[in-house]
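The following exercises treat the reading of a protein fold.

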Amino acid sequence: MNDENNRKIFIIKPQEYKYENFEPLLAQIEDHFHRILSSLKISTPSGKTTNLKLTVDVFNPEKISACAWRVTKDPAAYEIRMNAGLTYYLWTASRTFAIPEYDILPWLEECKINDERLKKLSRKEVLADYAFFVGCYYVLLHEISHVVLGHLDYLNDEMRLDHLSEFQDEKEQYSLSEIRIRKALEAEADRQAGELMMIFYGNSLGVNGLGGYFLFPSRLHAYEFYVYAIAAVFSRAISF
Ligand SMILES: [Zn+2]
């Protein structure tokens, strides 16, 4: 396999992985999501504290969907629902880091696994899981950004849309101006999620800035990995 072919794996689901390999991770994802929610004080643009409910729908894993909506205006209550299919696709993107014959990060041997429970895994496998959680956090922070930036309120109050669906729903028809507004909201949520994600990632690196259970040789290496992990999320997004 030459380099050109290897690169294609980056945007195509690695065929050697199956949903059954991923399923045991679903419970961990919910734990991580609740950790995110408990560490953020989420309010609307007008400063109202929100009641935010998050669910991961484990049914229909063959479908890829994420959806957010306002449940009630007052008190401000919102709900975000991601399905297992979306998290599975993020997981397949993260497996790029685990491909034995493809060295994305040539300095990987200089990294150290700092947790006895993970010692049976290769550095590539540990890093692939790290990339998966970076991807999941980013997607969830994108959804939370739609709440804090007032997008869901705008869709309800100004556009008469009762929910925001992240992926094209064939049943819904939008006008050209609605499509333009939706694209602007998506770009803004991406930017906000990027800012929040940098804080979460920085915290995950601990006080020395080099990592906790996985130690990078330097901060530069830690952030190089971060750039690739986020790129993997978007490589999945363009292949949906
Ligand atoms: Zn969005």
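**Exercise 1.** In what order do the four strands of the open sheet lie, and what is the sense of the pairing?

*Solution.* The model is predicted, so local features need pLDDT of at least 70 and side-chain atom pairs count only at pLDDT 80 or more, while totals for chains, interfaces and linings use all residues. Residues are numbered from 1 along each chain as its sequence is written.

Step 1. Helices (H or I, at least four residues) and strands (E, at least two) are DSSP runs, numbered from the N terminus. Two strands pair if DSSP finds at least two bridges between them.

Step 2. Strand β2 (residues 66-72) and strand β3 (residues 77-83) run antiparallel and are joined by six bridges. A hairpin of four residues connects β2 to β3. Within this pair, W69 has E79 of β3 as its bridge partner, and C67 stands opposite R81 in β3.

Step 3. Strand β5 (residues 164-165) pairs with β2 over two bridges, in the antiparallel sense. Here C67 stands opposite S165 in β5.

Step 4. The order is therefore β1-β3-β2-β5 in an open sheet of four strands, and the pairing is mixed. The edge strands, each pairing on one side only, are β1 (51-57) and β5.

**Exercise 2.** Determine whether the residues of helix α4 are buried or exposed.

*Solution.* Step 1. A residue is buried if 20 or more other C-beta atoms lie within 10 Å of its own, exposed if 12 or fewer, and partly exposed in between; C-beta atoms are placed from the backbone.

Step 1. In helix α4 (residues 84-94), 11 of the 11 residues are buried, and the helix is mostly covered. Among them are W91, Y88 and Y89.

**Exercise 3.** Describe how α4 packs against α5, and how α5 packs against α7.

*Solution.* Step 1. Two packed helices are described by the angle between their axes and the distance between the axes. Axes are lines fitted to C-alpha atoms, for helices over the stretch in contact, and angles run from 0 to 180 degrees between N-to-C directions.

Step 1. The axes of α4 and α5 cross at roughly 140 degrees and come within 8 Å. That makes α4 oblique to α5; angles under 35 degrees count as roughly parallel, over 145 as roughly antiparallel, 65 to 115 as roughly perpendicular and the rest as oblique. The contact includes T87, L90 and W91 of α4 and A128, F132 and C136 of α5. Two residues are in contact if their C-beta atoms, placed from the backbone, lie within 7 Å.

Step 2. Helix α5 (residues 123-148) and helix α7 (residues 176-204) pack at about 130 degrees, their axes 8 Å apart. This angle makes α5 oblique to α7. Residues that meet include Y137 and L141 in α5 and L196 and F200 in α7.

**Exercise 4.** Where does W107 lie, and which residues does W107 touch?

*Solution.* Step 1. W107 is in the loop between α4 and β4 (112-113).

Step 1. W107 counts as partly exposed because 14 C-beta neighbours lie inside 10 Å.

Step 2. Not counting residues up to four places away in sequence, W107 touches P217 and H221. Although W107 and H221 are 114 residues apart along the chain, their C-alpha atoms are separated by 8.1 Å.
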